[in-house]
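This report goes through one protein chain, element by element. The sequence and the structure come before the text.

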Amino acid sequence: MQPKTDISKLHDIIDITDICNVLGVGRNTAYSLLKNNDIASKKIKRKYIIPKKSLIKYINNISDDA
């Protein structure tokens, strides 16, 4: 799977929009990935805090499964 946005240009903490741009998915899919713990994150009130390394780990895992 080839990322849609260059991950190296993202900050260490990313948001839902970054996940959508990198994976080329919609917001509903991105939120599902977070809620199912496919991508590790912390939720503070209504906002998800996502370490960039969690997204990289997710991409590596799905690449290994392909």
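The sections below treat a predicted model, taking its helices, sheet, core and aromatic pair in turn.

## Helix H3

Helix H3 covers residues 52-65.

The buried residues of H3 are Lys52, Ser54, Leu55, Tyr58 and Ile59. Viewed along the axis of H3, the buried residues lie within an arc of 165°, so they line one face of the helix. An α-helix has 3.6 residues a turn, so residues three or four places apart point the same way. Lys53, Lys57 and Asp64 are exposed and sit on the face of H3 turned away from the buried side. The cover over the buried residues of H3 includes strand E1 (13-14), helix H1 (16-23), helix H2 (27-35) and strand E3 (47-51).

Ile56 also belongs to H3. Ile56 has a relative accessible area of 33%, between the limits of 20% and 50%, and therefore counts as partly exposed. In sequence Ile56 is 48 residues from Ser8, while their C-alpha atoms are 10.0 Å apart in space.

## Helix H2

In H2, the residues Ala30, Leu33 and Leu34 are buried. They fall within an arc of 100° when seen down the axis of H2, so one face of the helix is lined by them. These buried residues pack against H1, E3 and H3.

Asn28 and Lys35 are exposed, on the face of H2 turned away from its buried side. Just after the helix, Asn37 adopts a positive phi of about 60°.

## The sheet

An open sheet is formed by 3 strands in the order E1-E3-E2, with antiparallel pairing. E1 and strand E2 (42-44) are the edge strands, each pairing on one side only.

Between E2 and E3 the antiparallel pairing runs over 3 bridges. Lys47 in E3 has Ile44 opposite it.

## The nonpolar core

The largest nonpolar core has 17 residues, of which Ile19, Leu23 and Ile39 touch the most other members. H1, H2, E3 and H3 each give two or more residues to this core. The largest contribution is that of H1, with 5 residues. In soluble globular proteins, nonpolar side chains tend to be buried together.

Which residues does Ile39 contact, leaving aside its neighbours within four places in sequence? They are Ile19, Leu23, Leu33, Leu34, Ile50, Ser54, Leu55 and Tyr58.

## The aromatic pair

The model has 1 aromatic pair. The ring centres of Tyr31 and Tyr48 are 5.9 Å apart and the ring planes meet at 50°, which falls between the limits of 30 and 60 degrees, so the pair is tilted. The pair links distant parts of the chain, with Tyr31 in helix H2 and Tyr48 in strand E3, 17 residues apart.

Are the two partners buried or partly exposed? Tyr31 has a relative accessible area of 26% and is partly exposed. Tyr48, with a relative accessible area of 12%, is under the 20% limit and therefore buried.

Terms used: Residues are numbered from 1 along each chain as its sequence is written. This is a predicted model: local features need pLDDT of at least 70, side-chain atom pairs count only at pLDDT 80 or more; totals for chains, interfaces and linings use all residues. Side-chain values use heavy atoms; hydrogens and water are left out. Helices (H or I, at least four residues) and strands (E, at least two) are DSSP runs, numbered from the N terminus. The expected span of a helix is 1.5 Å times one less than its number of residues. Buried means under 20% relative accessible area, exposed over 50%, partly exposed in between (1.4 Å probe, protein chains only). The arc is that of the directions from the helix axis to the C-beta atoms. Contact means heavy atoms within 4.5 Å. A nonpolar core is a set of buried Ala, Val, Leu, Ile, Met, Phe, Trp, Tyr and Cys residues joined through side-chain atoms within 4.5 Å. Two strands pair if DSSP finds at least two bridges between them. Rings of Phe, Tyr and Trp (its six-membered ring) pair if their centres lie within 6.5 Å; planes under 30 degrees apart count as stacked, over 60 as edge-to-face and the rest as tilted.
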